Amino acid sequence: MNLKDKISSQNTQLLQGHERKLAFLKSEVDVPKDLIQQLKDFQIAIPSWALGTGGTRFGRFSGGGEPRNLEEKIEDVGLLHALNQSSGAISLHIPWDIPKDAHQIRNLAAQHGLAFDAVNSNTFQDQPGQTHSYKFGSLQHSNQATRKQAIQHNIEVIQQGIELGSKSLTVWLSDGSCFPGQLNFRKAYQRTVESLQEIYAALPSDWKLFLEYKAYEPNFYSTTVGDWGQSYSMVNKLGEKALTLVDLGHHLPNANIEQIVALLLMEGKLGGFHFNDSKYGDDDLTAGSIKPYQLFLIFNELVEGMDARGMNHAKDLGWMIDASHNVKDPLEDLLQSVEAIQLAYAQALMVDRKALELARDANDVVACQEILQAAFRTDLRPLVAQARLELGGALNPMTLYRSENVRGELIKIRGEKTQATGL
Ligand code: LRH
Ligand code: MN
């Protein structure tokens, strides 16, 4: 039986229970008429570098059956998308996943209903035979030849993205310093902007450049694009195609990310997201696994801010996951992340915005919290499942993934010891 048949046979078994839960929900709350369609349109890109087991400097414990090449990575994302009908794009990292034949790769992805989201450059590692090292940075580097090399790499990544039908480049720079005195902050900033201007000039007219900020790691004293303010000031200097990318794990403890999102959106400088979760640093854990309320509050600002600007929720921002799986099956981890993101979006769509604005204008602080938490505390999983069902996905992707022993089958085909490229 092929996967499509297995999905419909599971749905047949679960349909009655699902319809009972959906009917109960609809008897309890008013579900906006467009909500299911908005969930169906909302596709989240899967990172090509997160289909294998991640690790830390202390160790890496492979789970087996990992994709051995880009073709198998596309198959794995295709499987996720078949199950949840919400993972309709893949985001490649170059050179970890250089397509040997872009045309063939593009066709293979299309067969799985997948598009190519942002392509990611990499000037945080030295490649074999590389002339100039990025040990002390790339676009900020004091040596002009090193900067030139990094600029050229980004321009090559844009070329590869064009062949795949991608429309955006994500630039994350590990550039910074590890000790006081090591770096002239002003010169590093100016060299980075000048380098980015050369990359920006190579962008096709319908492309975007996402500049991703990060507080620390691998540099532990300063990071040249270290927070939203530094990224925002740079993308403003670059031009309208340059936008800031928010990776949820890239903030200092207790940062108010939903406020950052609201302001970047208001300024028209929010480009997209790398969804994940964290308790301490850039832990790259499953989205919604540690701070699901924060994820909801971020989507609450997104829905309000995008509607205020008349933006298309599904198309006008980059929705991407960026995670690393140290102890979970990568595909199960990604299924959980997509579910958590869809749920946070559904909760944000359920917020009674009129009542909330009235309560805010009246400074009725208690009512404001009651209105928000009414949406957060309502179990909206039947709505997310209904969206999947209407698109031909599984009512319960995780139980089907397990009941079909997908990982076991992948290990039979690919072996125990295969290691995917990436983090
Ligand atoms: C840096 C980062 C960036 C990627 C890398 C894989 O921490 O979030 O987005 O290039 O992870
Ligand atoms: Mn990231």
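**Pocket, loops and helix packing in a predicted model**

Tutor: This is a predicted model. Strand E5, residues 168-172, gives the most to the lining of the largest pocket, with 3 residues.

Student: What volume does the largest pocket have?

Tutor: The volume of the largest pocket is about 880 Å³.

Student: How many residues line the largest pocket, and which lie nearest its centre?

Tutor: The lining has 34 residues. Nearest the centre lie Lys-214, Glu-217, Asp-282, Asp-284 and Leu-423.

Student: And how does the lining of the largest pocket split by class?

Tutor: There are 10 nonpolar, 14 polar and 10 charged residues in the lining.

Student: Back to Glu-217. Where is Glu-217 placed?

Tutor: Glu-217 is in the loop between E7 and E8. Glu-217 is not a glycine, but its phi is positive, about 75°.

Student: What kind of peptide bond joins Glu-217 and Pro-218?

Tutor: That bond is cis, with omega about 10°. Pro-218 sits in the loop between strand E7 (208-212) and strand E8 (222-223).

Student: What about Ile-94 to Pro-95, cis or trans?

Tutor: The peptide bond from Ile-94 to Pro-95 is cis, and its omega is near 15°. Pro-95 belongs to the loop between strand E2 (89-91) and helix H4 (102-111).

Student: Switching to helices. At what angle do H8 and H9 cross?

Tutor: Helix H8 (residues 257-266) and H9 cross at roughly 15°, and their axes come within 8 Å. H8 and H9 are therefore roughly parallel to each other. The crossing is right-handed.

Student: Which residues make the contact of H8 and H9?

Tutor: From H8 they are Ile-257, Glu-258, Val-261, Ala-262 and Leu-265. H9 brings Gln-294, Leu-297, Ile-298, Glu-301, Leu-302, Gly-305 and Met-306. By class, the contact of H8 with H9 has 8 nonpolar, 2 polar and 2 charged residues.

Student: And how do H9 and H10 pack? What are the angle and the distance between their axes?

Tutor: Helix H9 (residues 292-308) packs against H10 at about 55°, with the axes 8 Å apart. H9 and H10 are therefore oblique to each other. Their crossing is right-handed.

Student: Which residues of H9 and H10 meet there?

Tutor: On the H9 side, Leu-295, Phe-296, Phe-299, Asn-300 and Val-303. On the H10 side, Ala-340, Ile-341, Ala-344, Tyr-345, Gln-347, Ala-348 and Leu-349. The residues of this contact divide into 10 nonpolar, 2 polar and no charged.

Student: Then H10 and H13. What is the angle?

Tutor: Helix H10 (residues 330-349) and helix H13 (residues 381-390) pack at about 115°, with their axes 9 Å apart. That makes H10 roughly perpendicular to H13. The crossing of H10 and H13 is right-handed.

Student: Who makes that contact?

Tutor: H10 uses Glu-339, Gln-342, Leu-343 and Ala-346, while H13 uses Arg-381, Val-384 and Arg-388. The contact of H10 with H13 comprises 3 nonpolar, 1 polar and 3 charged residues.

Student: Why quote both an angle and a distance for packed helices?

Tutor: Because two packed helices are described by the angle between their axes and the distance between the axes.

Definitions and conventions. Residues are numbered from 1 along each chain as its sequence is written. Chains are lettered from A and ligands numbered from 1 in the order in which they are written. This is a predicted model: local features need pLDDT of at least 70, side-chain atom pairs count only at pLDDT 80 or more; totals for chains, interfaces and linings use all residues. Side-chain values use heavy atoms; hydrogens and water are left out. On a 1 Å grid over the protein atoms alone, a cavity is a set of points where a 1.4 Å probe fits but cannot get out, and a pocket is an open set with protein on both sides within 12 Å along at least five of seven lines; lining residues have an atom within 4 Å of a point. Grid points are joined across faces, edges and corners, and a volume is the space filled by probe spheres set on the points. Helices (H or I, at least four residues) and strands (E, at least two) are DSSP runs, numbered from the N terminus. Ala, Val, Leu, Ile, Met, Phe, Trp, Tyr, Cys and Pro count as nonpolar, Asp, Glu, Lys and Arg as charged, and the others, Gly among them, as polar. Axes are lines fitted to C-alpha atoms, for helices over the stretch in contact, and angles run from 0 to 180 degrees between N-to-C directions. Angles under 35 degrees count as roughly parallel, over 145 as roughly antiparallel, 65 to 115 as roughly perpendicular and the rest as oblique. A crossing is left-handed if the near helix is turned anticlockwise from the far one by less than a right angle, and right-handed if clockwise. Contact means heavy atoms within 4.5 Å.
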